[in-house]
Structures are given as C-alpha cells and as structure tokens.
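Please look through the structure shown here before reading on. The paragraphs below take its helix contacts and its sheet in turn.

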Amino acid sequence: MTHASLVDLRSDTVTRPTEAMRRVMADAEVGDDVYREDPSITALEERVAAMFGHEAGLFVPSGTMGNQIGMRLVCEPGQEILCDADAHVVTYEMGAAAAIFGISTRTVVSAGGRLDAQQLIDQVRPKGDWHLTATAAIAVENSHNRGGGLVQPLGELRRLWNWSRGAHVAVHLDGARIWNAAAASGTDLATYGRLADTASVCLSKGLGAPVGSVLVASAERIATARLWRKRLGGGMRQAGVLAAAGLHALDSHLPRLAEDHEHAQLLAKRLGVDPASVETNMVVLDDVPAAMVAEGARARGVLVGQVGPRRLRLVTHLDVDRAGIDRAADVLAELLDH
C-alpha cells in the first residue's frame, strides 16, 4: 500500500511538505547561519519572537533541543525543574536534562496533564537551603500531548506566572503545539509567550514544516542559547531552506488549524468519544483492545497510534482531508464494534 493511499493518524509529525512549501524551500535565500549570515533563518527567528512577545529567537533542529536548551537557560546544574508527571520534557526527551546538563527533575501527578498552579507551587523547594535541591524553574506543556491535546487554562498560567515573579522561579513553556492551543482557545500567541521566561515552539507538528523549532526568550538568554546549540551539534549552515518552510507554514498553515480541530470533533462523535474531551487535534480512545484495533486498521490502510495496552491516539493534521477522516471513522467504528 502506497503512502498516498494511507490515512495516517499516528501523529501530526508525519506530514509531507506541500508542493507550495517545496517551492519556497527550493527558492530560499540562504547563507551560513553559524556566521549569522542566513537571511531566511534571521527572518524566521525575528518573526516568531515577535509573535510570542519576546526579544529574540533561535532556530533549532528539534523541539527536544529547544526544550532542553530553554530549561538550561533558567536552571543551573544541581538545581531542579518541576513539572507534571506526564510532561513531554520528562517522558519523551531521554533524560536529557540530567544526562547532558546535570539538571534534576521532579514531577507532580496532575489531573490528565491539566495545570493546577497551586499544586506545583506547593512543591517548590527554596533556594539557599543547603539541605534541599533548589527548584529553579517550572515547565508547562501547552497543548499537552499525553493529556490528549488539552489546552492549559489561561487563569492557571497567569496564576503561576504572577507567583513566579516574586518567588524568583522561572517558567519554561513547552509550546510544541501552542499553535493548536491558541487556535482552540482564541488566546493570542503573545499572551501565552509573555507568561514564560523561555518557550520552545515546533514548526514540524501542526504547521506541517519538515524540520525545526524556535526557542524564544530575552536577547541575553538567546545569545547564551546560541552557544549551547553549537555545543550540542545544532549549528547549521545553509538552513534557510528549512526556515523558508517554517515561514510558509506560518503564512499558509497556521490559519487552517481549526479545520484539524473540526476533524477531531467528527472522529470523536463517530467513535463514541465525548466531544467535550477533545480540545484540539487529538482523539483518545480508552479501554479498547489497542493492538488488535491498530493492526486491523493498518490492514485497511488507516494508521493510528497505540500509546498503551488499552489506549489509542488519533491525531488530525493537514495531510488528512475530510474524506480521509470519514474513511478512518468507518474503519475504526467497525473494528470497535466487533
């Protein structure tokens, strides 16, 4: 079965560049970005930083690199980052904070990934007490991957931010799918951005670019981040071909995210999932024979993500149109009925 004939709902990272995106990549103006001479990279970094209300941005190859550098900017070796137990930064990033930077992480079990600011605040350990590992920063994920694409409550984000200013504890935002959160909630990207000291935002998920994320922060922090990127092997040369894809995605794909959310709602209704539980572009099927359904769907040209023995995840994106959604719903509904 060819890729074109598949309906791939495993993740929104599986998208292929559109023909229009490939054209702008081929025509991109480029230079050596390690020498700070790639105009397309510079344009992307400046644009994304402005969108999130920050002074500067840094293009990095992946969201994991963006998150890890972002956290290192606000946390010294021997200090700790506090986050929820299902956060991407501690679940899917291979222990990088500890392995690379000597940063400790501590987690709090949350209600499905939903931010409760006070719950985290209550667990913060003070600096200056030599008996304790000091909490330097709190990491928040929005939208939340393992939370099924939930959007963090703006009031809780503000509560955490306002408290953090007096407590001298930094806030890092894992904004891999912040675009989806903004589209679903109507919250301006700059509002989200200004509630974090550092933020990493992905271009290769809902926006459909092939590679890359942008880390945003103050100009001083981004200057330091540039050194960390080089140390980690992330200094790229004529990377403007990738930046061009990101710029195109911001122009052409950001405005269409609501369509993915509508498709997720359609899937939820067809498959007996409460639509109110589907906040962005992810549908979670719980208490199902996950392996059997995933294998049966694959045999019929529909790919879904098995994220547990009894849990499946469906992620809508720009490569699956309404016809593909209907086809996936037909296949899955039949398998789930058996």
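Contact here means heavy atoms within 4.5 Å, and helices (H or I, at least four residues) and strands (E, at least two) are DSSP runs numbered from the N terminus. This is a predicted model, in which local features need pLDDT of at least 70, side-chain atom pairs count only at pLDDT 80 or more, and totals for chains, interfaces and linings use all residues. Residues are numbered from 1 along each chain as its sequence is written, and side-chain values use heavy atoms, with hydrogens and water left out.

Begin with helix H13 (residues 290–299), where Val293, Gly296 and Ala297 meet Val331, Leu332, Leu335 and Leu336 of H14. Helix H14 covers residues 322–337, and the two helices pack at an angle of about 140 degrees with their axes 10 Å apart. Axes are lines fitted to C-alpha atoms, for helices over the stretch in contact, and angles run from 0 to 180 degrees between N-to-C directions. H13 is therefore oblique to H14, since angles under 35 degrees count as roughly parallel, over 145 as roughly antiparallel, 65 to 115 as roughly perpendicular and the rest as oblique.

Strand E3 (residues 80–84) runs parallel to E4 and is joined to E4 by five bridges; Ile81 has Thr105 in E4 as its bridge partner.

Definitions and conventions
Two strands pair if DSSP finds at least two bridges between them.
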